[in-house]
Amino acid sequence: MTSYKKWWWLLVIVSLGVTIPFAAPYFTLNPALSRVPVASTAIHFPLLIAHIMFACLALVSGFFQFIDRIRTKSPNVHRYLGRVYVGSVFLSGLCALAIVVYIENFTKAISFLALSLVWLFTCWKGYRAAVRKSFDEHRKWMIRSFGVTLAAVSGRVAVPVLLLIYFALHGLTLPEGREKMIEEALNVNIWAALLLNFMIVEWKLLASKRK
C-alpha cells in the first residue's frame, strides 16, 4: 500500500471515529440528547437533525469520490455518488444557514455562517464545472469543497490543541476558570479548522500543479 493510500485511509478512520460518537445521539431523534442547546423542538431540532444527517452522508459519499478505482473504472458510480454528495451538501448547508439564527453566541454564529457559505459556494463551483465538462476545475473545486466538509472533523480534533494554546498563553493558569477556557476554544475552533484545511488543500493543489 502506498504512503498516499495509508494517509487516506487513516483520514477515513479518524473522520469516522470523530463523527460517529458526535452524530450518534441525534439519530435517536431525542432532543434531550442534543449536544447543543435546542431552542425549539418544532423547528430548530428538526433542522439540526437534517443538517447532521446530510452532513454525514456528504462525508461518506465524499470519501468515495476520491477513490481512483471508482472514478476511473466505474464512472457511472462516481457520477451517482457525486450527485449524492452535492445534494447532501446543499441540503445540509441550507439547514445550517437556518440554524445560525438559533446560535446565541455572536462569534460562533458568524463562524458557522461563514463555514456554511463557503461550503455551499465551493460545492456549487465544483458542480457547475462538471456540468460544463471542465473536469480539471471540477476536481479542484471538489477538493476544496471536501476540505470544508472535513472542517467538522478537524474542528473537533483542534479543540485539545486550542485548549493547550489557551493554557500556554495565560501563563499556565486559568484566570477565568476551566469553563471559560473551553468556551473560548469552541468559539474559534471552526475558524481554526477552516484555515488549516484551506492551507492543506491549496498546498496540495499547488503541489499537483507543479508536478
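Modeller: Let's settle the term before counting: a disulfide here is a pair of cysteine sulfur atoms within 2.5 Å. Keep in mind that this is a predicted model, where local features need pLDDT of at least 70 and side-chain atom pairs count only at pLDDT 80 or more, while totals for chains, interfaces and linings use all residues. Residues are numbered from 1 along each chain as its sequence is written, and side-chain values use heavy atoms, with hydrogens and water left out.

With that cut-off, the count comes to 0 disulfides. Cys-95 is in none, and its nearest cysteine sulfur, in Cys-56, sits 13 Å away. Buried means under 20% relative accessible area and exposed over 50%, with partly exposed in between (1.4 Å probe, protein chains only).

Now for the interior. A nonpolar core is a set of buried Ala, Val, Leu, Ile, Met, Phe, Trp, Tyr and Cys residues joined through side-chain atoms within 4.5 Å. The largest one has 40 residues, and those with the most contacts inside it are Trp-8, Phe-63, Tyr-85, Trp-119 and Phe-146. Elements giving it two or more residues are H1, helix H2 (44-65), helix H4 (75-99), helix H5 (106-131), H6, helix H7 (151-169) and H8. H2 gives the most, with 9 residues. Helices, by the way, are DSSP runs (H or I, at least four residues), as are strands (E, at least two), all numbered from the N terminus.

Leaving out residues up to four places away in sequence, Trp-119 touches His-51, Ala-55, Ala-58, Tyr-85, Val-89, Ser-92, Gly-93, Ser-145, Val-148 and Thr-149. A contact means heavy atoms within 4.5 Å.

In general, side chains of opposite charge can pair when their charged atoms come close. A salt bridge here is a side-chain nitrogen of Lys or Arg within 4 Å of a carboxyl oxygen of Asp or Glu, and the count comes to 5. Arg-71 bridges to Asp-68, with the closest N and O atoms 2.6 Å apart. Both lie in helix H3 (residues 68-73), 3 residues apart, or about one turn of the helix. Arg-71 is partly exposed at 34%, and Asp-68 is partly exposed at 43%.

Helix H6 (residues 135-149) holds Asp-136 and Lys-140, 4 residues apart and about one turn of the helix, and their side chains meet in a salt bridge of 3.5 Å, N to O. This pair is part of a network of salt bridges linking Asp-136, Glu-137 and Lys-140. In helix H8 (residues 177-210) you'll find Glu-184 and Lys-180, again 4 residues apart, with their closest N and O atoms at 3.2 Å.

The surface has a nonpolar side as well. Trp-7, Leu-10, Val-14 and Val-157 make a nonpolar patch of about 390 Å². Patches are made of residues with over 30% relative accessible area and no salt bridge, with like charges joined within 9 Å and nonpolar side chains (Val, Leu, Ile, Met, Phe, Trp, Tyr) within 5 Å. The areas come from the Shrake-Rupley method with a 1.4 Å probe, and for residues only the protein chains shown count as cover. Helix H1 (residues 3-23) gives the most to the patch, with 3 residues. Trp-7 sits in H1 and is exposed, at 60%.

Last stop, the loops. Most residues other than glycine have a negative phi. Lys-133, though, has a phi near 65°; it lies in the loop between H5 and H6 and is exposed at 61%. Leu-172 also has a positive phi, of about 60°, in the loop between H7 and H8, and Leu-172 is exposed at 58%.
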